[in-house]
Amino acid sequence: MSSKKLHYFVFFATLFLVSKLDKKVLILDGRLRQGGNTDFLLQRLLNNFDNAVGASIARTQIFACTNCEACLSNSKCIINDDMQTIYHQAKTADFVVLASPIIFGNLSGRIIDILSRLQCYFKGEFNKLPKVGKVKQGAIILIAGGSSNNDVEFALKTAKLLLKILNVENPTIIASLNTDKVPTSQDKEAIETIDKLLNSVEL
Ligand SMILES: Cc1cc2nc3c(=O)[nH]c(=O)nc-3n(C[C@H](O)[C@H](O)[C@H](O)COP(=O)(O)O)c2cc1C
């Protein structure tokens with residue numbers, strides 16, 4: 001390769017890399033524990049994202065909506081906790097991952113608390129779904145001890161609603177069931193879906 005061609009190659013390769021690193025991934029992390037089944041799939045995703053930020057179990061404190069109604073006149077939530085960072089990250093993210101075990105048929109309490117704080121986007125107009133930031137790619141990871149699709153049905157509906165508010169279109173669904181008997185680390189289908197997603201993601 002001539003030195004001029006090499007120069008162009010290095011220039012465009014650098015541009016590509018910078019644009020890749022520039023993409024932001026928001027993680028809404030509903031794990032109750034580390035080292036469990038949700039953790040296993042989430043880590044498989046996170047290992048491939050350099051720029052992941054968001055609500056991690058260890059680092060964030062997010063309170064549930066208190067129905068104080070301040071957002072009706074302020075158009076923003078006045079509770080001063082880590083959700084304020086999530087509001088900002090949700091606007092600028094390129095990709096959103098929601099990961100949760102199934103807890104009594106629904107998403108974990110952490111995710112429900114986050115969802116409750118998105119109430120400020122509705123501003124009392126329950127029939128109008130707001131759009132937060134640009135259109136994003138995304139994924140929903142659900143882990144259930146039970147083996148029936150009914151075990152995740154309700155949680156999936158809730159997860160889709162949450163991502164819709166954040167303007168995520170057609171999220172990839174990864175559900176690993178039956179963890180009471182078989183750990184997710186042996187769920188080939190779930191692992192394959194994650195790997196396929198990683199190959200297709202425009203990051
Ligand atoms: C409090 C609690 C409630 C649960 N409720 C359900 C449930 O309703 N349906 C279900 O299929 N599994 C249920 N499970 C099982 C978990 O979804 C399952 O153990 C899952 O693997 C937990 O995720 P983890 O391994 O990442 O911690 C429940 C577990 C706990 C601790």
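Guide: Two residues are taken to be in contact if their C-beta atoms, placed from the backbone, lie within 7 Å. The model is a predicted one, and in it Leu41, Arg44 and Leu45 of helix H2 meet Ala190, Ile191 and Ile194 of helix H8 in that sense.

Visitor: Why is H2 called roughly parallel to H8?

Guide: The axes of H2 (residues 37-46) and H8 (residues 188-200) come within 10 Å and cross at roughly 25°. Angles under 35 degrees count as roughly parallel, and therefore H2 is described as roughly parallel to H8. The crossing itself is right-handed.

Visitor: What makes up the contact of H2 with H8, by class of residue?

Guide: The contact has five nonpolar residues and one charged residue, with no polar ones. Arg counts as charged, whereas Leu, Ile and Ala count as nonpolar, so Arg44 in H2 is the charged member of that contact.

Visitor: How do you know whether Ile140 is buried or exposed?

Guide: Ile140, which lies in strand E4 (residues 137-143), has 25 C-beta neighbours inside 10 Å. A residue is buried if 20 or more other C-beta atoms lie within 10 Å of its own, and therefore Ile140 counts as buried. Leaving aside residues up to four places away in sequence, Ile140 touches Leu98, Leu156, Ala159, Leu163, Pro171, Ile173 and Ile174. Of these, Leu163 stands 23 residues from Ile140 along the chain, with 8.7 Å between their C-alpha atoms.

Visitor: Why is Ile103 called partly exposed?

Guide: Ile103 has 17 C-beta neighbours inside 10 Å. Ile103 is found in the loop between strand E3 (95-101) and helix H5 (109-117), where, with residues up to four places away in sequence not counted, Ile103 touches Ser108 and Gly109. The C-alpha atoms of Ile103 and Ile143 are separated by 9.3 Å, although these residues are 40 apart along the chain.

Visitor: What is noted about the phi of Glu69, and why is that residue called exposed?

Guide: Glu69 has a positive phi of about 70° although it is not a glycine, and its place is the loop between strand E2 (52-55) and helix H3 (70-74). Within 10 Å there are 11 other C-beta atoms, and since 12 or fewer means exposed, Glu69 is put in that class.

Visitor: Which residues come nearest to the ligand, and which element gives the most to the shell around it?

Guide: Of the 18 residues around the ligand, Gly36, Thr38, Pro101, Gly145 and Gly146 come nearest. Helix H2 gives the most to this shell, with three residues. By class, the shell divides into seven nonpolar, seven polar and four charged residues.

Visitor: How many helices and strands does the protein chain have?

Guide: The protein chain has eight helices and five strands, and buried residues make up 33% of its 203 residues.

Conventions: Residues are numbered from 1 along each chain as its sequence is written. This is a predicted model: local features need pLDDT of at least 70, side-chain atom pairs count only at pLDDT 80 or more; totals for chains, interfaces and linings use all residues. Axes are lines fitted to C-alpha atoms, for helices over the stretch in contact, and angles run from 0 to 180 degrees between N-to-C directions. Helices (H or I, at least four residues) and strands (E, at least two) are DSSP runs, numbered from the N terminus. Angles under 35 degrees count as roughly parallel, over 145 as roughly antiparallel, 65 to 115 as roughly perpendicular and the rest as oblique. A crossing is left-handed if the near helix is turned anticlockwise from the far one by less than a right angle, and right-handed if clockwise. A residue is near a molecule or strand if its C-beta atom, placed from the backbone, lies within 6 Å of it.
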